[in-house]
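I opened my notebook for a friendly walk through this model. The entries below follow the order in which I looked things up.

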Amino acid sequence: MLTNKTIKFSNCLKLTAVSGILAAVSLPAQAEQWRGWNIHPPSYPNSVALESFSEEVAEKTEGRIEPKVYHNGVLGAQPDAIEQTRSGALDFANFNMGPMGPIVPATNILSLPFIFNSTEDMYRIMDGEIGGRFAEALAEKNLVALSWFGSGARSLYNTDHPVKTPDDVDGLKFRVMNNDLYVQMIDELGGNATPMAYSEVYQSLKTGVIDGAENNYPSYESSGHYEVAKYYSLTEHLVLPECLCVAKSTWDEMSEEDQGIVRKAAENAAQEQRKLWEERAQKSRELVLESGVEINEVDDKAAFQEKMKPIYDDFVEENPQLETLVKDIQAAQE
Ligand code: BDP
């Protein structure tokens, strides 16, 4: 007969044997599953670059980190996603600096109309020391900006008529991204601005809740807005950088080696995104033209700049501590 003691002893032997086998198989540490937010459809340049980023991170960390991108904004609207990434509920994302302004005031500088003369100037400045200052401001709000994507130039479009002079904006209702600076921007031109989530713009254009919006060619095309708003006017008032950002809490949990891998993958993704962007912008332009969109130059960009001047003056008055940064960006383009 087996006594209690012997039963316990034999169980103990079994356990020792099992853990011996487990140790021999040497199971890998559990992979970190990362959730990534993206507003665009899978074929969009940013989406393709985010997929490359995820693949490179998974491969180079040998599966220690497994990022997964959720496209099409299924994880929520951009302002909410920014908050979720700040809190660590999401691990990474591609954010536009427009809706970042209300959370990270310094990034509002990037939303001052005509602050960058061109995409090339924007890349050069964001890749350099000045870009580092924006990364620091983001880090203070728990967002680690690892690289900068491009988003071309944003222009006004509407359902009614070409905008050639600021007077043509008079009375039109435009959707803007969530940022008071953009409300002022449309106000100064004599229109009415409605901040609204990107996902609601198509329906709002269709039902006449708004007359227009503003965006770059790829977004104007991929969102389908061009099907409803047929007048695209090349105001090119905003050249906004976007970040590939990782949540600070996610970043801090990583080893230095993995941080290096993730940073490199983000830089590679930005290079890919910028290249794909040029191709897609061209394609989107052709596609909307074929569908009957009327694209027009504006007569005099300086007239738009002049109208928007009070935005600069008010901004610097309200944020005196940011004046140097505004001036440094301007000086870097002289
Ligand atoms: C696109 C940006 C995206 C913005 C969207 C918008 O890439 O991040 O959410 O515009 O207008 O160009 O909301």
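**Entry 1: the whole chain.** I counted twelve helices and eleven strands in the chain, taking helices (H or I, at least four residues) and strands (E, at least two) as DSSP runs numbered from the N terminus. This is a predicted model, where local features need pLDDT of at least 70 and side-chain atom pairs count only at pLDDT 80 or more, while totals for chains, interfaces and linings use all residues. Residues are numbered from 1 along each chain as its sequence is written, and side-chain values use heavy atoms, with hydrogens and water left out.

Along the principal axes, the C-alpha atoms fill a box of roughly 100 × 45 × 30 Å. I found that 50% of the 334 residues count as buried (under 20% relative accessible area, with exposed over 50% and partly exposed in between, for a 1.4 Å probe and protein chains only). Of the contacts (heavy atoms within 4.5 Å) with a separation of 6 or more, 75% join residues 24 or more positions apart.

**Entry 2: helix α3.** Which residues of α3 are buried? In this helix, residues 78-87, I noted Gln78, Ala81, Ile82 and Thr85. They sit on the same side of α3, because they cover an arc of only 105° around the axis (the arc of the directions from the helix axis to the C-beta atoms). An α-helix has 3.6 residues a turn, so residues three or four places apart point the same way. Among the elements covering the buried residues of α3 are β1 (32-37), β3 (92-96), β4 (143-149) and β10 (242-247).

Gln84 also belongs to α3, and I list Gln84 as partly exposed because its relative accessibility is 27%. Beyond four places in sequence, Gln84 touches Leu75, Ala89 and Leu90. After α3 comes Gly88, with a positive phi near 90°.

**Entry 3: helix α6.** In α6 (residues 180-188), I found Leu181, Tyr182, Gln184, Met185 and Ile186 to be the buried residues. Their cover includes β5, β6 (173-176), β7 (192-195), β8 (212-215), β9 (231-238) and α11 (301-318). What caps the N-terminal end of α6? Asn179 does, with a side-chain oxygen 2.9 Å from the backbone nitrogen of Leu181. Just after α6, I saw that Gly190 has a positive phi of about 95°.

**Entry 4: Ser155.** Is Ser155 buried or exposed? I count Ser155 as buried because its relative accessibility is 1%. The side chain of Ser155 reaches the backbone nitrogen of Glu236 at 3.0 Å, and a polar atom of that side chain lies 3.4 Å from the backbone nitrogen of Thr235. Setting aside neighbours within four places in sequence, I listed its contacts as Ala213, Glu214, Asn215, Tyr232, Ser233, Leu234, Thr235, Glu236 and His237.

**Entry 5: the largest pocket.** I looked up the largest pocket last, and about 540 Å³ of space lies in it. Its lining has 33 residues, with Ile39, Gln78, Arg175, Tyr198 and Ser199 nearest the centre. A pocket here is an open set of points on a 1 Å grid over the protein atoms alone, where a 1.4 Å probe fits, with protein on both sides within 12 Å along at least five of seven lines; lining residues have an atom within 4 Å of a point. The volume is the space filled by probe spheres set on the points, which are joined across faces, edges and corners. α3, β3 and α8 (217-222) each supply at least two lining residues.

How values were computed:
Polar contact = N/O pair within 3.5 Å; in protein donor to acceptor, adjacent residues only side chain to side chain.
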